[in-house]
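Subject: A structure to look through

Hello,

Here is the structure I promised to hand over to you, with its sequence. Please open both first, and then read my notes below alongside them.

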Amino acid sequence: MGETLDTRWFDPNRLNMLVGLLLFITFLAINIWRARRSPDGLYIRPIAGLKALDEAIGRATEMGRPVLFIPGIGDMSEVGTLAAITISSKVARRVAELGCDLRIPCYDPVVTALIDGTTREAYREANRADAFRPGCVYYVSATQFAYVASVTGTMMRDRPATNIYMGAFYAESLFLAETGNLTGAIQIAGCDQVTQLPFFVCSCDYTLLGEELYAASAYLGREPIQLATIAAQDWAKALAAGMIVLAIILSALGHPWLGRLLKTS
Amino acid sequence: MAAEPNGFWRRVLAIDRRWIFVLIGVGTALPLLFPVNLPVTPSPRVQAAYNAIEAVPEGSLVLMSLDYEPDIMAELQPMSIAVLRHCFRRHLKPIILTLYPAGPRLVEMALAIASEAEGKRNYDDYVFLGYKSGNQAVVLGLGENIKGLFPRDFYGAATDTISLMKRANSFADFPLLINLSGSTIADYYIRIGASRYHRPMILGATAVMATDYYPYLSSGQILGLIGGMKGAAEYERLMGIVGDGRRGMDAQSLVHLIVVILVLLGNAALFATGGLKRRVGGGA
Amino acid sequence: MSHDVGTWIAAILTLCVFSFLYRDNPLYRFAEHLFVGASAGYLLAVQYQNVLRPNVIEKLQRGQFLAIIPLVLGILILGRAWERTSGIARWSLAFYVGIYSGIAVPSYLQAQIFAQVADALKPFAPGWGAVSSALVLLGFLSVLAYFFFSAPHKGVHGIAARLGIWFLMVAFGASFGYTVMARVSLLIARMQFLMRDWIGILPGA
Amino acid sequence: MRFGPLVVTFLTGTTLIAIFFIPHHAAQETQSVILEWADVVYTFALILGSIALWMSHQKKVFQRAEGWFYSAVTLVALTGVTALGVVQGVSGTTLVGQIYDSVNAPLASTMFSLLAFFIASAAFRAFRARNVEATLLLVTAIVMMIGRVSIGEFVWSGFPPLTEWLLDVPNLAAKRAVAIGVGLGAVSTALKIILGIDRSYLGRA
């Protein structure tokens, strides 16, 4: 049943995606250029949960209790995890400045290694390298509910004042958020799994919905280039919406070709 | 009540969550002990899955991939048992495999129950190939050479010596694929087995996953869809048997009812204590 | 009552976990620590059997020396164990992050953007279906408006974003209600395990 | 020192994006080799994490810190399961397989089933009709909960189709918009990393 080996150097069925990708990179380049030219020229609407993040860390400092940062149970193939790493480093920096205790239990071992590095760096940048406690970023278990068991145990015993959930979450979302709610912690969540959002919305004080999570990681940096990427995404969204409306109108008039252009394999 | 206005409703609002836990626990256990067997009406999607198996000619091979682990077996195991029994009843010959390392024990349990109920025997009526690691790569391999992928079955017999396996070389030899899956493995079977090799396929999934697969149903890539314990109960109903799916349905109904009553009670309490007038920020 | 040791262990551990519902206690703490150790150990063993042995050890034994590359990359990661050598782990992490970012770009583009847009392009269904189709389009556009960050939520955009939030809330309610069913099924199965497989007061299998 | 790893990320990232568009068998084989290497890197990260886990619990046991007994449980489980699994293998018939069946599996499924309790308490607490958004959430959730079980059909035969409509129309609209937004956000996040715009993962914000 030997299938003949594929010797094509390009898959023509994916041309539309290549065009889409190049178009998106162009959007990025234009917006980065715009941001460089006038750093204050880009408007990005504020995200409610982010202001709360600062206050929540402040509250933990006042109460003398730890901040618990949970980077989700996604591995590196999930972009939510990448956003979680960026956000964790901003949170670590703020925690280092204020001088409270930080704990980051991790699910994925590679993510653990990455966050360990970014957290050390964040403490160094805040000139508090001495305050970094080795072991505050730790691997628990890459088994969903073993991770949950351990993290909820930490919540019940160490009583963190602030729980921050950022990243890719699955069934454990409700378990963690309900336990955190029971301990009376301030809870801020952000997750890109639509099916888990309702549970965070019900049990947390603030929830970043879907792509607000990625926007947050750009927003926290407040670097113009980072914000430029959000603007580029907005352009792409507008384009997608426009094309959908146009295609539906066209096909109602008997021209379904636009829809066919978007079919992928 | 007059002395302490809204006293009852205030207590309702401030109820310890452990009382809710007790209610849920009792609400689950009681119907299991004292079943009333509420009626179960099969949905069109489950009926379609049932019909797909009915349509396979007697004596045909069917490929069954049972891909889940113990943590979600509650939703998929009753389904596996019901579908296996259906295949056996129709004198089909299932070739079974799993893509999860902890899967074989569950498959063995399901096979033990189904084969005993329908009086079927290993090697004469079915073959269990066991577990193979590699997810997508395995599904791709099934389209090429099954015996190469599984040189031995789960019990160590060489697959080229098993008479049922003589006919089983690749997807092409199966008039029906059955995938009962708790994960994205379902996508691989749909993309590769159903789409690339154009095999008729039915899918069983967890209740949460099931909605994500409706589009494949309307596009015809899968013929039927069984979702969660409820789907298993509907399947059992079609088969005229009582399994863990149907046994669970009373508890399922009662717990849902309890949750709904709790929510209504909470809102009544909020209304009675005037809490609704306070403007509170949105959840999001 | 069951006579199987495995069933007894499973049943006792099940009760240990259920005890968490009352409050945190030594039984739960025991189960938690056992679970963490056993699962971390199981993963290590599985990775050894399924990855390290076939992809590195056996390959090197067969003289396929290309397997040295992942081995070196892997060993570099271990540098993170000490402060002084932690910098060298960056090389393997950079490799790893590069791979998954590279995979993410086309796969999200395909599965999340193109597939969804293509799906949204289906012509309106006839009759009453058209109302539903129109609602889907309206909901889609308004939720997209909510996620449009470059403009403040004012005027028409503000109204659209507000409508978007309403659609989101309905979707969340649907997900929530739908998930209840799945979770209750899992609890039913645990109860069945305790009452049938362990104590034996429930009939049937 | 950081320039090198950035180049590595850029090269692996762009290579994997390119492979997506190249159906040539050599490209596809390259991809599987790279993924195999990534698996090895992951395994070493797992070893690193497990060593750290072991050390932290060992420290607690030696110092007789609060809860040292529980740490001892983790240590024994971790060491025992790893050793047995590496020596004997992990399939169903081995000792590790049996430990998995009577320890890991019931613990996982019981933890999972606790969600049935939590989903009820979360619904009771959070589903309060305080404003339009919360009301939409709660009404949809109630319809879903009632409509998808036998008792719902019993009360009103229109419930099941209503739940289907909720899933197919408002739910679909919101999910689709979120999916497209998430997809674009994911693509740009990954691109930022590949192009070196976002270097925070290397330890520089």
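Between chain A and chain D, 11 residue pairs are in polar contact, both residues of each pair being at pLDDT 80 or more; a polar contact is a pair of N or O atoms within 3.5 Å, where within protein one must be able to donate a hydrogen and the other to accept it, and where residues adjacent in sequence count only if both atoms are side-chain atoms. The side of chain A that touches chain D receives two or more residues from each of several helices, including H1 (15–37), H4 (109–125) and H9 (224–252) of chain A, and H4(A) gives the most, with eight residues. Helices here are DSSP runs of H or I with at least four residues, strands are runs of E with at least two, and both are numbered from the N terminus. By class, this side of chain A has 33 nonpolar, 13 polar and 13 charged residues, where Ala, Val, Leu, Ile, Met, Phe, Trp, Tyr, Cys and Pro count as nonpolar, Asp, Glu, Lys and Arg as charged, and the others, Gly among them, as polar.

Before going further, please note that this is a predicted model, in which local features need pLDDT of at least 70 and side-chain atom pairs count only at pLDDT 80 or more, while totals for chains, interfaces and linings use all residues. Residues are numbered from 1 along each chain as its sequence is written, chains are lettered from A and ligands numbered from 1 in the order in which they are written, and side-chain values use heavy atoms, with hydrogens and water left out.

The rule also finds one salt bridge across the interface of chain A and chain D, a salt bridge being a side-chain nitrogen of Lys or Arg within 4 Å of a carboxyl oxygen of Asp or Glu; the side chains of Glu178(A) and Arg125(D) meet in a salt bridge at 2.8 Å, N to O. Chain A and chain D bury about 4800 Å² between them, 75% of it on carbon and sulfur atoms, where buried area is the accessible area (1.4 Å probe) that two parts lose on being put together, summed over both.

Chain C and chain D bury about 9500 Å² between them, with 81% coming from carbon and sulfur atoms. Here 104 residues of chain C are in contact (heavy atoms within 4.5 Å) with 101 residues of chain D. Three salt bridges are counted between these two chains, and the side chains of Arg162(C) and Glu133(D) meet in a salt bridge at 3.4 Å, N to O.

Turning to chain B, there are 12 helices and six strands, and 56% of its 284 residues are buried, a term that means under 20% relative accessible area, with exposed being over 50% and partly exposed in between (1.4 Å probe, protein chains only).

Ala74(B), in helix H4 (residues 73–89), counts as buried because its relative accessibility is 8%; leaving aside neighbours within four places in sequence, Ala74(B) is in contact with Met229(B), Ser185(C), Leu186(C) and Ala189(C). Glu234(B), in helix H11 (residues 228–239), is buried with a relative accessible area of 4%, and a polar atom of its side chain lies 3.0 Å from the backbone nitrogen of Ser43(B).

Best wishes
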